[in-house]
Amino acid sequence: MCGIIGYTGKEQAAPKLLLGLKRLEYRGYDSAGIAVFSDGKFSVCKRKGRVSELGGAEKLRGGCGIGHTRWATHGAPSERNAHPHSFGRFVLVHNGIIENYLPLKEECEARGEKFISETDSEVIAHLLEYYDRGDVLSAIKETVARLKGSYALAVMCRDEPNVLYAARRKSPLIVGKGEEGLYLASDVPAIAECRELYSLCDGEFAVLQGDNIRFYGEEGEIKKETMKLVSKSDIPEKGAYPHFMLKEMHEIPAAIANSLINFEDDFCFSGINIVLCQTEYIQIIACGTAYHSGIAAKYAIEALARVPVEVTVASEYRYRDPIVKKGTLALAVSQSGETADTLAAAELAKEKGATVIAITNAPDSSITQIAHFVLFTRAGREIAVAATKSFNAQLALLFSLATALAKTKGRQTPSLRPLPALAEEVLTEAEKMKEIAPILLGAKSVYFIGRGADYCTALEGSLKLKEISYLPSEGYPAGELKHGTLALIDEGTPVIAVLTQEGLAEKTMNAVFEVYARGGRVILVTNLPEYAARKEVYRSILLPKCEELFSPILSVIPLQALAYYTSLARGNDPDKPRNLAKSVTVE
Ligand code: F6R
């Protein structure tokens, strides 16, 4: 959801800004731009499209600058709407949404000020100019006091050519010290070279000048603790893989192994163990892929621990006045830990008295500041916009939690230990999807079906396919097909059926027969070879057996591969699907 970067120091700013923006591109790639201060003025270079479009920008001379890579919210992706935005003495980049920008803009226009872009962000530059009476930090404070919504801001003022100002509310912002200067960025890898890093909290400001970073809160100057430094593996590299998505799929076995938790064996989980003992009801709140992991968790928790679970999309939870009973545990699941709806839903659950456990892949993310407890999936950084390994890691952790909860109720639980090795086997089988993907190419739409735990896999398979292949697709409970969607199945319609629940196999096969009878082509993903051999099955992928409740962690892998190869076959970039971004920090 937009990435911002800033540098002030002894070296040329432009190459550093461009490198940082490249590393932030997963947050949006509708337009990119940088501004560098030199010879008493700002030089700005901005273009529609990716950072690679900023040809010539590296030649801008000057040791202080800011940059932006955009995911468009207000105003089309265009050069005119690209950041940095400037007015008067100020130039800035912004990540977030200014909800009240229209009345503020009208106020500025009433003063005769002209706007260049259609963005919400430009109004901030106008307000800065209006409130500036010689003290830039005060002008920033007065400006942000007028803003409703979210922002991570980097500001430069013509009167203070080597100073960077930063402010944050509900959008992530990190500042750091490197050997040769000071940095700010939306995310750590963009400034991985820093030897000291600090995460700004909501309502905080930073001033970067010379060798010093000064922090300010509402009451004045504050001291801040440094964050953990980045290791080299945190810096995104594709290595020998053509795309991050493929690389990240190959990291699934490790992501699972690293995210399994044995709650009883580790003293640091004693607080969570106490919470689990008191848990009578669970609410899972999440968005997109993370929401699908919540559905799989519901099946596992209810079956293993017999504790009722409600799974709600966070954007619905936050606005529906949810009922939070005594003994409610809210699990807020978010790979990025920055999804605006999930953060708001977690805050609401906490306010209403639930104990909130955040499940995230991002240490120091905003969700860790909200939750009572945090559990980290250890998938490693995920760069491809389409989530893959982080989903498998969420399942590993949620299934671990399900077994821990079951144990507190004195119930037997199956082992999770075989899963990483089994995932390795599935990755090899999933390569067959390269040959199967062309079947989807001419399709008007593609359907995914499954029952029980396989329903979650169907939903996730469908989401993956739409987001990177742009083919219309839906995921359904297999039993629902005949209640309407069957009308859409005709000659050649691809239907991907997931079948790993032995007790439900005959039932799911009924749906397969119904599809076949109408000319549909069924691709079966199953661990039951006897069904793969049926004449009604057009192509099949065979999975190894595992505990049925945990099967989505394996069965999703071929579906991730199907989406990847279909995306490639359609000439798309699977890592950077159109209109999407990795971290959805806006409503
Ligand atoms: C799909 C995808 C999104 C995210 C969703 C939530 O591949 O990545 O649907 O799952 O935006 O993001 P997090 O988990 O960061 O809260």
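This is a predicted model: local features need pLDDT of at least 70, side-chain atom pairs count only at pLDDT 80 or more; totals for chains, interfaces and linings use all residues.
The residues that line the largest cavity divide into two nonpolar, seven polar and two charged ones.

**The largest cavity**

- About 60 Å³ of space lies in the largest cavity, and the count of cavities of 30 Å³ or more comes to one.
- The lining of the largest cavity is made up of C2, R70, W71, T73, H74, H83, H94, G96, T119, D120 and S121.

**The second largest pocket**

- The second largest pocket, with a volume of about 550 Å³, is lined by 26 residues, and those nearest its centre are C287, G288, T289, K582 and V584.
- Two or more residues of this lining come from each of the elements α8 (288-305), β17 (328-334), α10 (340-351), α12 (389-408) and α15 (453-469).
- When the lining residues of the second largest pocket are sorted by class, 11 are nonpolar, 10 are polar and five are charged.
- Because domain 2 (242-417) and domain 3 (425-572) both give residues to the lining, the second largest pocket lies between these two domains.

**The ligand and its surroundings**

- There are 15 residues around the ligand, and S334, Q335, S336, T339 and E467 are the ones that come nearest.
- T339 has a polar side-chain atom that lies 2.4 Å from an oxygen atom of the ligand.
- Backbone atoms also take part in such pairs: a polar backbone atom of A387 is 2.9 Å from an oxygen atom of the ligand, and a polar backbone atom of V385 is 3.4 Å from an oxygen atom of the ligand.
- On its own the ligand has 410 Å² of accessible area, and the protein covers 89% of this area.

**Two points in the backbone**

- Most peptide bonds are trans, and most residues other than glycine have a negative phi.
- The peptide bond that runs from H83 to P84 is cis, with an omega near -5°, and P84 has its place in the loop between β4 (64-70) and β5 (85-87).

Technical notes:
Residues are numbered from 1 along each chain as its sequence is written. Side-chain values use heavy atoms; hydrogens and water are left out. On a 1 Å grid over the protein atoms alone, a cavity is a set of points where a 1.4 Å probe fits but cannot get out, and a pocket is an open set with protein on both sides within 12 Å along at least five of seven lines; lining residues have an atom within 4 Å of a point. Grid points are joined across faces, edges and corners, and a volume is the space filled by probe spheres set on the points. Helices (H or I, at least four residues) and strands (E, at least two) are DSSP runs, numbered from the N terminus. Ala, Val, Leu, Ile, Met, Phe, Trp, Tyr, Cys and Pro count as nonpolar, Asp, Glu, Lys and Arg as charged, and the others, Gly among them, as polar. Domain bounds come from an automatic or database domain assignment. A residue is near a molecule or strand if one of its heavy atoms lies within 4 Å of it. A polar contact is a pair of N or O atoms within 3.5 Å; within protein, one must be able to donate a hydrogen and the other to accept it, and residues adjacent in sequence count only if both atoms are side-chain atoms. Accessible areas come from the Shrake-Rupley method with a 1.4 Å probe; for residues, only the protein chains shown count as cover.
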